[in-house]
Amino acid sequence: PKELPLRGKKIVITAGPTRERIDPVRYVSNFSSGKMGFAMAQAAVELGGNVTLIAGPVHLDTPPNVERINVESAEDMYQAVSVRFDQTNLLIMTAAVADYKPKHQANQKIKKQDSDTALEMERTKDILATMGLRKTTQVIMGFAAETNDVITYATRKREKKNTDYIVANDVTAEGVGFGTDTNQVTLVSKDGIKEFPMLPKHALAHELLAYIANQEGWQS
Ligand code: PMT
């Protein structure tokens, strides 16, 4: 018999980058392709979950039986997560949300100048930390893309943001993180750390979800 440990669970997953507009033709963003988040969504459905995928701008097809909401900016993503959070059993923040946005968004294309220029930036809302504060029965899983002291920073993030799990990837390693078809991560929880092997993102998503379903005592 097929095991469906996420049966009956409402799962919200974010994926991809966000885009923060400078003017009508320019933006600030990052290299997230959405592959890891889309793999999490597909695996969560295959394990029986009821999945809503909140996606930043990416070029990927929606996995079967997944409800997809497209967003652009960190603020849009915040709103989309926030309105669903109370009804959510498991929130998974795979998205690479911009930490900063341009302080002023021009309504018209900014003209080229003869001199150098600077872009003033301000902080976006931290979706994970805000939901961490609101959390009652929800299980929250964040991701952390790090380039150094991976476990130390991931452990700190988990505690600071009141998150049950942090999936830490060392994005300096070959085949890990942004844009790749594979990933290698360490899962940080209150009980310590667990390393997963290098796997295709879809297989890794299955491993991660089966592991946390078991930790949470969710039965098929
Ligand atoms: O999309 P791919 O190309 O497949 O790449 C996958 C990935 C590398 C993007 C993914 O595996 C990953 O690591 N995602 C998180 C990247 C990240 O932005 O990490 P962070 O350390 O900046 O943020 C930590 C956590 O806080 C993340 O869960 C992030 O979604 C969340 N966050 C961050 C900023 C913000 N304003 N709000 C947030 O909720």
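Q: Where does Lys109 lie in this structure?
A: Helices (H or I, at least four residues) and strands (E, at least two) are DSSP runs, numbered from the N terminus. Lys109 lies in the loop between strand 7 (100-102) and strand 8 (121-123). The model is a predicted one, in which local features need pLDDT of at least 70, side-chain atom pairs count only at pLDDT 80 or more, and totals for chains, interfaces and linings use all residues. Residues are numbered from 1 along each chain as its sequence is written.

Q: Is Lys109 buried or exposed?
A: A residue is buried if 20 or more other C-beta atoms lie within 10 Å of its own, exposed if 12 or fewer, and partly exposed in between, with C-beta atoms placed from the backbone. Lys109 is exposed because it has 11 other C-beta atoms within 10 Å.

Q: Which residues are in contact with Lys109, leaving aside its neighbours within four places in sequence?
A: Two residues are in contact if their C-beta atoms, placed from the backbone, lie within 7 Å. With those neighbours left aside, Lys109 is in contact with Asp23, Pro24 and Val25.

Q: Where is Lys161 found, and is Lys161 buried or exposed?
A: Lys161 is found in the loop between helix 4 and strand 10 (165-170). Lys161 has 21 other C-beta atoms within 10 Å and is therefore buried.
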